[in-house]
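Take a short walk through this chain, stop by stop. Keep the sequence and the 3D view side by side.

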Amino acid sequence: MANGSKQIVDFAKIKATMADPYKHPVQVINGDGKVVDPDTLAKYSDDQLVDFMKKMVWERTLHEQTMNFSRQGRLGFYAPTAGEEASEMGSVTAFKEQDFLLPAYRDLPQMIQHGTTVAKGFLWSKGHVEGNQHENPNMMFPQIIIGAQYVETAGVALGIQKNKDEDRVAFVYTGDGGTSQGDWYEGVNFTSAYQAPAVFFVQNNGWAISVPRKKQTAAETLAQKAVAMGVPSVQVDGMDIVAVHEVSKAAREYAAAGNGPVVIETLTYRYGAHSSAGDDPSRYRTDEETKPWFDADPLIRMRKVLTDKGVWSQDQEDKLVEQYKDEFKDAMKEAEAAPAQKVSDFLKWTYNVPTPAVKKQIAEFEAKESK
């Protein structure tokens, strides 16, 4: 038998090329504020583009005011969103009121846009039960367990499918670190197996607390991970609100039409700390790394486009910021006026029929609380 030197499979070539389709993020407005896809931009009226800008200014102001409240000790846990405005506002605005949102802890802005209130968002941060009671019932409370909301999404999407709900999908968010969790794979795989209507967002902001994206996984892109589950996926410039919205809208239409789920990786950046709990980003990343992302700020690039069109001004933006600040201060007053929580209520909610021991505890705490 001849000794051939050629191997039947070139694994090195496969590894070098398997991410190729995903290394070209969808983009409409580049980091310099230049329109690189005028045909897509032309789909949107000036009023729609201005509305996108208003929503990003709203979220940036919400972030800054919430950080102020956190420093004052008036809130509990808060996950900063600065830098992710285009990813979050561009995506959530592509969905409808009847769609079911499953957020992570960095997704309070999407929840507010989808039908809860700023005051309820503050109450959730304060650990108050009323922070989980939303005007729009089509959403869960923010998931703290990393990636767990992907499994929950599989259940919601399957329920939508079994109920034959027309024109309805489930949509969900996690960060780049979430794709390293088993829940991520299980949720996407289950949804794909049943071809249930779901849109899975991965907000790749570069960091899972202090762990950089490149140390979490050897995959060149996170979008390509969906291929293993038979799910179409795409990367999009997560600092470009028009591109995010256009891709999200297309994904929703695809899923709602009965074609199964979609995975979208938004390339964005977390400007600040992981949370208000106090991690220091300067200990694990450099100014040289962060500068390009600040230069490509989603508000800066949209501001340039709108200013060039003559439909936006700094004075207009400044007035909006002051308006939003006042609204958020009023929302905090509303949250702080919520009735104090009682231990006795927590005990009452533990069991449908309290055990004798719990009944005794309820009576003890009610006696204390009545004083």
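Asp167 is partly exposed in this predicted model. Its relative accessible area is 32%, so it falls between the cut-offs of 20% for buried and 50% for exposed. Look for Asp167 in the loop between helix H7 (148-162) and S2. Its backbone stands out: Asp167 has a positive phi of about 55°, although it is not a glycine.

Ile209 also has a positive phi, near 55°, and is likewise a residue other than glycine. Ile209 sits in the loop between strand S4 (207-208) and strand S5 (211-212). With a relative accessible area of 41%, Ile209 is partly exposed.

Now go to strand S2, which spans residues 170-175 and holds Thr174. Is Thr174 buried or exposed? Thr174 has a relative accessible area of 5%, so it is buried. Beyond its neighbours within four places in sequence, Thr174 is in contact with Gly147, Gln149, Tyr150, Trp184, Phe201, Val202 and Gln203.

Strand S7 comes next. It covers residues 262-267 and includes Leu267. Leaving out residues up to four places away in sequence, Leu267 touches several partners, among them Pro25, Asn204, Gly238 and Trp293. Met111 is 156 residues from Leu267 in sequence. In space, the two are 21 Å apart, C-alpha to C-alpha.

End at the surface. Asp326, Glu327, Asp330 and Glu334 gather there in a patch of negative charge. One of them, Asp326, belongs to helix H13 (residues 314-336). Asp326 counts as partly exposed, because its relative accessibility is 44%.

Notes: Residues are numbered from 1 along each chain as its sequence is written. This is a predicted model: local features need pLDDT of at least 70, side-chain atom pairs count only at pLDDT 80 or more; totals for chains, interfaces and linings use all residues. Side-chain values use heavy atoms; hydrogens and water are left out. Helices (H or I, at least four residues) and strands (E, at least two) are DSSP runs, numbered from the N terminus. Contact means heavy atoms within 4.5 Å. Buried means under 20% relative accessible area, exposed over 50%, partly exposed in between (1.4 Å probe, protein chains only). Patches are made of residues with over 30% relative accessible area and no salt bridge: like charges are joined within 9 Å, nonpolar side chains (Val, Leu, Ile, Met, Phe, Trp, Tyr) within 5 Å. Accessible areas come from the Shrake-Rupley method with a 1.4 Å probe; for residues, only the protein chains shown count as cover. A salt bridge is a side-chain nitrogen of Lys or Arg within 4 Å of a carboxyl oxygen of Asp or Glu. Lys and Arg count as positive and Asp and Glu as negative; His and the chain ends are not counted. The place of a charge is taken as NZ of Lys, CZ of Arg, CG of Asp or CD of Glu.
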